Amino acid sequence: MVNQKQKFIYTFSCHEDEISLCQLEMRSLFGFHTGTNILESSVQINPSRSPFIKERIDIIYKADCLDDLVQKVSGYQAEKTFKVIVIEHSQATDLQKIGFEQRRKIEREIGLQLSGQVDLQNPDQLFAVIKVKDHWVFGYYTKSESIWLFHQKKPNNYSTALSTRVARAVVNIAVPTIADKKVIDPCCGAGTVMIEALSIGIDIVGSDLNPLVTRPARENIAHFGYKAKVLLRDIRDVTESYDVAIIDMPYNLCSVLEPETQLEMLKSARGFAGKVVIITTETIDPLIERAGFTIADRCVAKKGSFSRQILVCC
């Protein structure tokens, strides 16, 4: 039966220029990255939370070979109508790959061992079989939904804003554990980061010193049915305390900042947040250190020739 300490398998999908960002998200959510597109952990996360997680399998049985797995699942009671699917992750070697006919055969063989009603068209429950390295796994299957993709269709968009996919990963990096966390986006722009945070269930407020973006940010947030404060305020005027701040440093032609102004912003953040995730298009490590931060982790998010540094600071 299920182990006393439940284990989960996650598979990931990312483009080559997103590997660094995906791995930082893995480290933040699970405490480590595997260097592959598959990960096993005792941490349970809704796969739809991440833009890179494809699916989660809640492990019920493990076996060294398929025949042993068939024996283990024999008689397992499915409480809902069900279907069995075989998952082949992208890191499988040529020797591990399973052909279409073989996958269908395994699905039938496992399905026949379960007690319950099969429904191949519209099942209430999916079970998955996956081969991971040298063992086979059977468990409950949950597929990720690309919620971030839906958020691209907001009323107000700006060319310099983070993509919703990157914004969602940044939120996970900044706030891996949601409970009781107070978060601020003090340079919120059109609210892209805020929308991703709110959709995950994070308590976040936003502010910006530019009156031309605070109203659109409120409209974008309301468009998706979320509620949050968006204040017209300079980051240097924040007085409340927060667990985490997410700061996308202004960088477009209308927001060129002198190093001393950037330093003032960072020093202010040091005063109101215990942890800060900084997104920057230029190297500002010396300023971050002068503001009193230690850079605990980092990655680069690329889009073609354009790149952003994402720095986890404490």
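Modeller: Here we go through the labels one by one, setting values against definitions.

Modeller: This is a predicted model, where local features need pLDDT of at least 70, side-chain atom pairs count only at pLDDT 80 or more, and totals for chains, interfaces and linings use all residues. Residues are numbered from 1 along each chain as its sequence is written, and side-chain values use heavy atoms, with hydrogens and water left out.

Colleague: Thanks! How many helices and strands are there in the chain?

Modeller: The chain has nine helices and 13 strands. Helices (H or I, at least four residues) and strands (E, at least two) are DSSP runs, numbered from the N terminus. The C-alpha atoms fill a box of roughly 65 × 35 × 35 Å along the principal axes, and 49% of the 314 residues count as buried.

Colleague: What makes a residue such as Asn220 count as buried?

Modeller: Buried means under 20% relative accessible area, exposed over 50%, and partly exposed in between (1.4 Å probe, protein chains only). Asn220 has 0% relative accessibility, so Asn220 counts as buried. This residue sits in helix H7 (residues 211-223). Leaving aside neighbours within four places in sequence, Asn220 is in contact (heavy atoms within 4.5 Å) with Lys154, Pro155, Asn156, Ala190 and Ile195.

Colleague: And why is Ile279 called buried or exposed?

Modeller: Ile279 has 1% relative accessibility, and therefore counts as buried. Its place is in strand S11, which covers residues 273-280. Beyond neighbours within four places in sequence, the contacts of Ile279 include Leu162, Val170, Ile246 and Arg308. Pro250 is 29 residues from Ile279 in sequence, with 9.2 Å between their C-alpha atoms.

Colleague: Which residues can you show me that count as exposed?

Modeller: Asp67 in helix H2 (residues 66-73) is one of them, because its relative accessibility is 54%. Lys133, in the loop between strand S5 (125-132) and strand S6 (135-143), counts as exposed because its value is 64%. Asp180, in the loop between H5 and S7, is exposed because its relative accessible area is 77%. Phi is positive in Lys133, near 55 degrees, and in Asp180, near 65 degrees.

Colleague: Where does helix H8 stand on span?

Modeller: H8 (residues 259-272) has 14 residues and reaches 20 Å from first C-alpha to last, close to the 20 Å expected. Its buried residues include Gln262, Leu263 and Phe272, and their cover includes strand S10 (242-248) and helix H9 (285-290).

Colleague: What makes a space a cavity, and what a pocket?

Modeller: On a 1 Å grid over the protein atoms alone, a cavity is a set of points where a 1.4 Å probe fits but cannot get out, while a pocket is an open set with protein on both sides within 12 Å along at least five of seven lines; lining residues have an atom within 4 Å of a point. There are two cavities of 30 Å³ or more. The second largest cavity holds about 30 Å³, and its lining is Met249, Pro250, Tyr251, Gln262, Thr280, Thr281 and Glu282.

Colleague: Which residues lie nearest the centre of the second largest pocket?

Modeller: Ser163, Val166, Lys302, Lys303 and Arg308 do, among 17 lining residues. Helix H5 (164-174), strand S12 (295-303) and strand S13 (306-313) each give two or more residues to that lining, and S12 gives the most, with three. The space in this pocket is about 330 Å³.

Methods:
Points joined across faces, edges and corners; volume = space filled by probe spheres on them. Expected span 1.5 Å × (residues − 1).
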